[in-house]
Amino acid sequence: MNDKTKGVLHPYVREFLDHLAIERGVSTATLDAYRRDLEQHLNWLEEAGVAFPTGVGAETLLRFLDHLRQEGLRPTSLARKTSALRGLYRYLIAEDYIQEDPTRLLQTALPPKRFKGALNRDEVERLLDAVAQEENEPVRLRDQAMMELLYATGLRVSELLNLRPGDLNFQFLFLRTLGKGKKERLVPFHEVAAEKVRFYMEHARPRFCQKKSADTLFVNRRGGKLSRMGFWKILRKYGVMAGILVELTPHTLRHTFATHLLENGVDLRILQELLGHSSIATTEIYTHVDQRRMREMLDQYHPRAQKKIILPKERV
């Protein structure tokens with residue numbers, strides 16, 4: 001084993017690192033990272049007055065990880081440390097050094113999948129206000145309809161651009177779209193979006209389609225089908241006008257739709273159906289966004305959380 005992994009560590013931790021190096025063939029870089037992570041963990045336990053490993057429980061590890069979050073640790077680093085803890089304590093169980101697994105309440109060690117940032121509510125309002133400033137009336141009506149409908153439904157941009165006028169039911173406020181794999185789904189939308197789309201269809205789309213008419217709902221200035229690149233340029237223009245610093249992509253409003261619904265308590269299965277995800281695992285990339293908000297709401301409204309509570313040290 002590399003000498004760098006031979007610091008002043010508890011014998012059980014040294015044994016675990018030897019196991020990783022000799023029996024698992026873990027790389028030197030990973031061993032070094034695990035050594036630093038576990039050394040930090042042991043130092044924290046000592047300061048907290050918790051004996052390693054017999055005094056470590058599930059609550060201990062949750063307190064330790066919460067401490068790391070408060071220190072501003074990046075999600076990828078936090079995921080690695082979680083993996084190191086899980087590996088260590090499961091090794092100690094396998095070797096009969098401890099009887100219960102303190103990592104049982106830890107979340108999956110994988111960091112959340114990354115996606116382009118969603119807009120907050122103020123940024124959405126600024127974006128829509130920027131669209132309203134467009135001087136060309138047909139263009140303004142089209143762009144308002146697109147932005148409102150995207151934010152109302154969470155459609156993929158490709159789904160939006162492939163919509164046909166007959167795909168929208170204004171009586172029951174549903175639209176029909178074909179998602180990935182040509183899978184059809186019905187998506188509800190609200191009256192504000194409906195009003196914008198109806199007004200566009202009545203007063204703007206006919207003006208675009210005087211010489212040429214695509215069968216899609218949203219068309220470019222020449223009456224042809226609006227392209228994905230064309231939409232991205234439109235979005236980028238309004239983002240600049242609104243002073244939005246988040247990088248805008250064709251999926252930004254879809255991510256924003258999902259994030260805001262989750263913040264307001266929508267069931268994850270409902271969100272999966274709305275987004276057209278075949279697997280709930282895909283929808284779960286949004287759940288980490290709301291974890292901090294859930295903690296804030298708990299601290300704000302739970303009667304026992306009105307004041308900062310210091311958890312007692314665990315008995316050793």
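This is a predicted model: local features need pLDDT of at least 70, side-chain atom pairs count only at pLDDT 80 or more; totals for chains, interfaces and linings use all residues.
Residues are termed buried when their relative accessible area is under 20%, exposed when it is over 50%, and partly exposed in between, with a 1.4 Å probe and protein chains only. Residues are numbered from 1 along each chain as its sequence is written, and side-chain values use heavy atoms, with hydrogens and water left out.

Six aromatic pairs are present in the structure, a pair being two rings of Phe, Tyr or Trp (its six-membered ring) whose centres lie within 6.5 Å, with planes under 30 degrees apart counted as stacked, over 60 as edge-to-face and the rest as tilted. Among them is that of Trp 44 and Phe 64, whose ring centres are 5.4 Å apart and whose planes stand at 55°, so the pair is tilted. Because Trp 44 belongs to helix α2 (residues 28-48) and Phe 64 to helix α3 (residues 58-70), this pair ties together parts that are 20 residues apart in sequence; helices (H or I, at least four residues) and strands (E, at least two) are DSSP runs, numbered from the N terminus. Trp 44 is buried at 13% relative accessibility, and Phe 64 is buried with a relative accessible area of 2%.

Another of the aromatic pairs joins Phe 170 and Phe 189, with ring centres 6.2 Å apart and planes at 85°, so this pair is edge-to-face. Distant parts of the chain are linked by the pair, since Phe 170 is in the loop between β1 (168-169) and β2 (174-178) and Phe 189 in the loop between β3 (184-188) and α8 (191-203), 19 residues apart. Phe 170 is partly exposed, at 22% relative accessible area, whereas Phe 189 is buried at 5%.

Charged side chains were examined next. The structure contains 14 salt bridges, each defined as a side-chain nitrogen of Lys or Arg within 4 Å of a carboxyl oxygen of Asp or Glu. One of them connects Arg 207 with Glu 137 at 3.2 Å, N to O; since Arg 207 lies in helix α9 (residues 205-208) and Glu 137 in helix α6 (residues 137-153), the pair ties together parts that are 70 residues apart in sequence. Arg 207 is partly exposed at 42% relative accessibility, as is Glu 137 at 36%. In the salt bridge between Arg 156 and Glu 159, the closest N and O atoms are 2.6 Å apart, and both residues are buried.
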